[in-house]
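Please find my notes on the model below. They are set out as numbered points, to be read next to the coordinates.

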Amino acid sequence: MAINNVKNAIMADLATLTTGNGYSTTIKTLYKIPKFPKDVDVTKCPAIACFLSDAPQDEFSENLKSFK
């Protein structure tokens, strides 16, 4: 799956966080860039800001003590 498809799928899943779907609140705003709380207008809250970046894949397992 291409990284853009993964990003879009995550954003679509976050958009389902609503009282209609059984959650205790509805997320009003999703940002695809990092935001400081002071930079989010109170009328757009609750909000989620996430930054999903392309990164090289490194080998990782629970047996490794660190990333290679």
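1. Confidence. The mean pLDDT of the chain (pLDDT being the predictor's confidence in each residue, from 0 to 100) is 85, and 81% of the residues score at least 70. Confidence is lowest in α1, with a mean of 88, and highest in β1, at 94. This is a predicted model, in which local features need pLDDT of at least 70 and side-chain atom pairs count only at pLDDT 80 or more, while totals for chains, interfaces and linings use all residues. Residues are numbered from 1 along each chain as its sequence is written, and side-chain values use heavy atoms, with hydrogens and water left out.

2. Secondary structure. One helix and two strands are assigned in the chain, in the order α-β-β along the sequence. Helices (H or I, at least four residues) and strands (E, at least two) are DSSP runs, numbered from the N terminus. Helix α1 covers residues 3-14, strand β1 covers residues 29-31, and β2 covers 47-49.

3. Burial and surface. Of the 68 residues in the chain, 10% are buried. Here buried means under 20% relative accessible area, exposed over 50%, and partly exposed in between (1.4 Å probe, protein chains only). The accessible surface of the chain is about 5,800 Å², and carbon and sulfur atoms account for 56% of that surface. These areas come from the Shrake-Rupley method with a 1.4 Å probe; for residues, only the protein chains shown count as cover.

4. Contacts along the sequence. Contact means heavy atoms within 4.5 Å. Among contacts between residues at least 6 apart in sequence, 16% join residues at least 24 apart.

5. Asn-4 is in helix α1 and counts as partly exposed because its relative accessibility is 48%. From Ile-10 to Leu-52 the C-alpha distance is 9.4 Å, across a sequence separation of 42 residues.

6. The loop between α1 and β1. Thr-18 belongs to this loop. Is Thr-18 buried or exposed? Thr-18 has a relative accessible area of 18%, so it is buried. Beyond its neighbours within four places in sequence, Thr-18 is in contact with Tyr-23, Thr-25 and Thr-26.

7. Thr-29. This residue is found in strand β1 and is buried, at 15% relative accessibility. Which residues does Thr-29 contact, leaving aside its neighbours within four places in sequence? They are Lys-44, Pro-46, Ala-47 and Ile-48. With Lys-44 there is also a polar contact: a polar atom of the Thr-29 side chain lies 2.8 Å from the backbone oxygen of Lys-44. A polar contact is a pair of N or O atoms within 3.5 Å; within protein, one must be able to donate a hydrogen and the other to accept it, and residues adjacent in sequence count only if both atoms are side-chain atoms.

8. Cis peptide. The peptide bond joining Cys-45 and Pro-46 is cis, with omega about 0°. Pro-46 sits in the loop between β1 and β2, and Pro-46 is one of the residues in contact with Thr-29. Cys-45 is partly exposed, at 31% relative accessibility.

9. Cysteines. How many disulfides are there? The count is zero, a disulfide being a pair of cysteine sulfur atoms within 2.5 Å. Cys-50 has a relative accessible area of 17% and is therefore buried, whereas Cys-45 is partly exposed.

10. Salt bridge. One salt bridge is found in the whole structure, defined as a side-chain nitrogen of Lys or Arg within 4 Å of a carboxyl oxygen of Asp or Glu. The partners are Lys-38 and Asp-39, with their closest N and O atoms 3.3 Å apart. The side chains of Lys-38 and Asp-39 are also listed as a polar contact of 3.3 Å. Lys-38 is in the loop between β1 and β2 and is exposed, at 71% relative accessibility. Asp-39 is partly exposed, at 42%.
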